[in-house]
Amino acid sequence: GGADPPPNRTVGSYASREEYIRTHFSLLREDFVRPLRDAIGTVRRGEAPPREVRLHKGVRIEGTHIGEPGGVLHRLVLPTAGAAEESGLINGSLVALSSDGWESCRCAVVAKREAARQRNDGSLFVAFQRDGAGADANSLGAAVEDAAYACELAVASNAVYEMLEPGAYWGAYRPVLAALQAAAADTSGLPLESVLLRAEACDAPPDFVLRGARNFDVRPIFNETPQEEGMLVDVCCPWERASGGGELAGTSLDEFQLRATKALLSHRFGLVQGPPGTGKTFVGLMVVRTLLRNAALWSEEAAEARRAALAAAEAAPAGGEGG
């Protein structure tokens, strides 16, 4: 149950940074929690869970361990040694357990998956979350709470649990939610706040282009060409050699990856999306390599040197006066 999260604004602006963070935190959290909540409701009604959700029965808590990462870890034992292997559980996965027919449940995050796999006895190491799915069992100052919670779980160690394994991977949601929480506590403002809140100047050149020269050496991108000589292009114009010679060629990027790379280097804000294996990370790597190769054009040290040179030029006496 509970109220629906506020919708994402597709028209107009967010009233404040707080509204933006609250909206996106609520939407992302609901994106993970709602399918799990619905699956729990289905199981409570005695129905089969959705296909993407696995239900394990006969799960027991067999012991407590000190683990890193994860603080205090508990070893769960599934009814058969193969049950854990057949699941899609990896480090960072979240599971929900109940011993009372899902009138209540506990959430835990999988850890030390390889160590559990080597036991080959159906073991699964988990870090129980004290305050539900969003709590961090490894947070600063958690030792006392961990110890108290371990004692509470010890009382319930003889119980037999049902365990739900959601279809979504909690490890992908958790760092983004944590970053939004950190942004809410940061009073210095959001990066690209004018873009995210008000969609201002999204197509404008990035600040590093406005501060310095626009002719970038793009050899890291055109990585299938000789790398001995520089390959300068104006990143805000069609990519041709600044010295002439037509369009550039010789890259391991495909057409769409190259288009994304150009967009990221020539715009203040860019969004690259695609399914797994389409090269999003590789495109980001090419962009970062290109920025690092051209750091002398956009770094703060370079900007300071240009300001000093400009000030010196303006202070110099006008030329052309004979002696």
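Which residues lie nearest the centre of the second largest pocket? Keep that in mind as you open the file, and remember that this is a predicted model.

**Stop 1: the pocket**

Select Phe256, Gln257, Ala260, Val272 and Gln273: of the 15 residues that line the second largest pocket, these lie nearest its centre. Now colour α8 (255–266) and α9 (280–293), the elements that each give two or more residues to the lining. The top contributor is α8, with six residues. If you colour the lining by residue type, you'll get seven nonpolar, six polar and two charged. The volume of this pocket comes to about 260 Å³.

**Stop 2: Thr225**

Next, go to the loop between β7 (215–217) and β8 (232–234) and pick Thr225. Is Thr225 buried or exposed? Thr225 counts as buried, because its relative accessibility is 16% and the cut-off for buried is under 20%. Then bring up Met231, Ala249 and Gly250, which Thr225 touches once residues up to four places away in sequence are left out.

**Stop 3**

Time for some backbone. Most residues other than glycine have a negative phi, so the next two selections deserve a look.

Start with Trp102, in the loop between β3 (94–98) and β4 (106–110). Its phi is positive, near 70°, and this residue is not a glycine.

Then jump to Ala199, in the loop between α6 (193–198) and α7 (207–211). Here phi is about 55°, again positive in a residue that is not a glycine. What about the surface at this spot? Ala199 is exposed, with a relative accessible area of 54%.

**Stop 4: the cysteines**

Last, how many disulfides does a search of the whole structure find? The search finds zero. Zoom in on Cys105 to see a case: the nearest cysteine sulfur belongs to Cys107 and is 4.8 Å away, whereas a disulfide needs the two sulfur atoms within 2.5 Å. With the surface still on, Cys105 counts as partly exposed, at 38% relative accessibility. Finish by selecting Cys202, which is also partly exposed, with a relative accessible area of 21%.

How values were computed
Residues are numbered from 1 along each chain as its sequence is written. This is a predicted model: local features need pLDDT of at least 70, side-chain atom pairs count only at pLDDT 80 or more; totals for chains, interfaces and linings use all residues. Side-chain values use heavy atoms; hydrogens and water are left out. Buried means under 20% relative accessible area, exposed over 50%, partly exposed in between (1.4 Å probe, protein chains only). On a 1 Å grid over the protein atoms alone, a cavity is a set of points where a 1.4 Å probe fits but cannot get out, and a pocket is an open set with protein on both sides within 12 Å along at least five of seven lines; lining residues have an atom within 4 Å of a point. Grid points are joined across faces, edges and corners, and a volume is the space filled by probe spheres set on the points. Helices (H or I, at least four residues) and strands (E, at least two) are DSSP runs, numbered from the N terminus. Ala, Val, Leu, Ile, Met, Phe, Trp, Tyr, Cys and Pro count as nonpolar, Asp, Glu, Lys and Arg as charged, and the others, Gly among them, as polar. Contact means heavy atoms within 4.5 Å.
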